[in-house]
Amino acid sequence: MPGGDQEPGRYYVGVDVGTGSVRAALVDQRGTLLAFADQAINKWEPQFNHHEQSSEDIWAACCIVTKKVVQGINLNQIRGLGFDATCSLVVLDKQFRPLPVNHEGDSHRNIIMWLDHRAVSQVHRINNTKHSVLQYVGGVMSVEMQAPKLLWLKENLRETCWDKAGHFFDLPDFLSWKATGVTARSLCSLVCKWTYSAEKGWDDSFWKMIGLEDFVSDNYSKIGNQVLPPGASLGNGLTPEAARDLGLPAGIAVAASLIDAHAGGLGVIGTDVRGHGLACEGQPVTSRLAVICGTSSCHMGISKDPIFVPGVWGPYFSAMVPGFWLNEGGQSVTGKLIDHLVQGHAAFPELQAKATARCQSIYAYLNSHLDLIKKAQPLGFLTVDLHVWPDFHGNRSPLADLTLKGMVTGLKLSQDLDDLAILYLATVQAIAFGTRFIIEAMEAAGHSISTLFLCGGLSKNPLFVQMHADITGMPVVLSQEVESVLVGAAILGACASGDFTSVQVCEEPGVGRGNSPVCHGPSS
């Protein structure tokens, strides 16, 4: 049973920092989302494959959305606050002021984003060491992880950034520090992106081998020598200054954070499916694959024992669900790829105009247009001659090859709206085949997966969901509460508050699971 007193009218705030926006939600004890707000955040691309953001800009957006979702609420009923964010790298000096991560010296831009690929030569050198820590990231480190980015800063911005740096934070940990003044890091961030081991801690030999012995000599104070599990309560809770910024009561519990995809995984993987006639009812949670699909797609599978999957990150112990090992597959910039191909097509202005005239999103319009042009044949036959290889930003899993590029084959001279719709369909299918490729690699290594649980922005697209069901041959379960990432963040706050004894208890039926799942099966 849930631990702690469960009086009605207790609320939790979840804040999710994605690639393009910050979102916040007010959530009750059953996991029902009561209020929602979002705010766009700035991104800079000073040169190709360099992607930067501002921690000050992101914190300001957090303050705007949090104030919005608690309007009209008795603030004394708010019990906890949880953050999740992209695994981007935040750089601050010894006085916690922003430092530039760019050649222009603009200290406002002090974040290297997760999708930044500037550190290609650094990651190749790291992988050539064949160090034993690499076995816990699928055998090959990704350029999107933090070690290559840190090495790039040391080698390229020594005077303006590296020598002045006092703190390197994963973005989720920056947010919890900003709220509490506590520099403790989340086990999730450090295990998944920094080579930390939940069992052994930091490996001195790795950092020395790759040329970042600086961290060893100062006992890892710049990157984290106090590590807490996600959902643990930080310090004395929300500081008075942060409380004023966020419009929340000082002293409420603030949780150790999660990476955004992991918050989504936490929000859906424990979904109560009893009584809905689903095939996965009664099957172990380890048979579920959580697919968090937005700007990119992440594939989260958990196991009781460590499973090593070539090209798939992990196994990470207790990085998402305490006591379970996590494997994380992924496809870089899937949502961005769909936007890129659709917006770059000659018929895009026509699409925009027609969608606007119908008061539809461009993707709702494209889905209905595909239904019109498929006629009597199955939808998949529209792409019999058109194929997309989706690795426009490299392959994260399971090939783990950042040098791969995208491809479209089967193009014709025509460029009308039908061609655009079919290209869109082929792109969605290619992403679904990428998910199938990851599942096959995970199952070959020892996972047994039978059901997909989708969340994130792309899970709101019926075509995306159906293609995943058709191409994997597996049922797809969606939570009725579509904002699973925000529910996951709020679960952290609920756990930190002491109202629930653990993250797993927060996920029990009737506690954060107040919404019914919806299942989509493969087409006949």
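# Notebook: burial, backbone and cysteines

**Ile 223.** I began with Ile 223, which is buried at a relative accessible area of 0% (buried is under 20%, exposed over 50%, partly exposed in between, with a 1.4 Å probe and protein chains only). I placed Ile 223 in the loop that runs between α7 (214–217) and β10 (227–228) (helices, H or I, of at least four residues and strands, E, of at least two are DSSP runs numbered from the N terminus). I also looked up its distance to Ala 184: the two are 39 residues apart in sequence, and their C-alpha atoms are 9.5 Å apart in space.

**Ground rules.** I am reading a predicted model, in which local features need pLDDT of at least 70 and side-chain atom pairs count only at pLDDT 80 or more, while totals for chains, interfaces and linings use all residues. Residues are numbered from 1 along each chain as its sequence is written, and side-chain values use heavy atoms, without hydrogens or water.

**Whole chain.** I noted 16 helices and 21 strands in the protein, and 60% of its 524 residues count as buried. Along the principal axes, the C-alpha atoms fill a box of roughly 65 × 55 × 45 Å.

**Annotated spans.** Residues 11–267 are 30% helix and 21% strand, with end C-alpha atoms 16 Å apart. Residues 289–496 are 41% helix and 19% strand, and there the end C-alpha atoms lie 26 Å apart.

**Helix α9.** I checked α9 (residues 260–269) for cover and found that 9 of its 10 residues are buried, among them His 262, Leu 266 and Ile 269.

**Cysteines.** I counted 0 disulfides (pairs of cysteine sulfur atoms within 2.5 Å). For Cys 87, the nearest cysteine sulfur belongs to Cys 298 and is 7.5 Å away; Cys 87 is buried at 11%. Cys 293 is likewise in no disulfide, the nearest cysteine sulfur being that of Cys 455 at 6.6 Å, and Cys 293 is buried at 0% relative accessibility.

**Backbone angles.** I listed two cis peptide bonds. Gly 314 to Pro 315 has omega near 5 degrees, and Pro 315 lies in strand β15 (residues 313–317). Ser 397 to Pro 398 has omega of about -5 degrees, with Pro 398 in the loop between β17 and β18 (407–409). I then looked at positive phi outside glycine: Lys 130, near 55 degrees, sits in the loop between α2 (120–128) and α3 (146–156) and is exposed at 69%. Cys 359, at about 60 degrees, sits in the loop between α11 (348–357) and α12 (362–374) and is exposed at 72%.

**Surface patch.** Trp 389, Leu 399, Met 407 and Phe 437 make a nonpolar surface patch of about 370 Å² (residues over 30% relative accessible area and without a salt bridge, like charges joined within 9 Å and nonpolar side chains, Val, Leu, Ile, Met, Phe, Trp or Tyr, within 5 Å; areas by Shrake-Rupley, 1.4 Å probe; a salt bridge is a Lys or Arg side-chain nitrogen within 4 Å of an Asp or Glu carboxyl oxygen). Trp 389 lies in strand β17 (residues 387–389) and is partly exposed at 35%.
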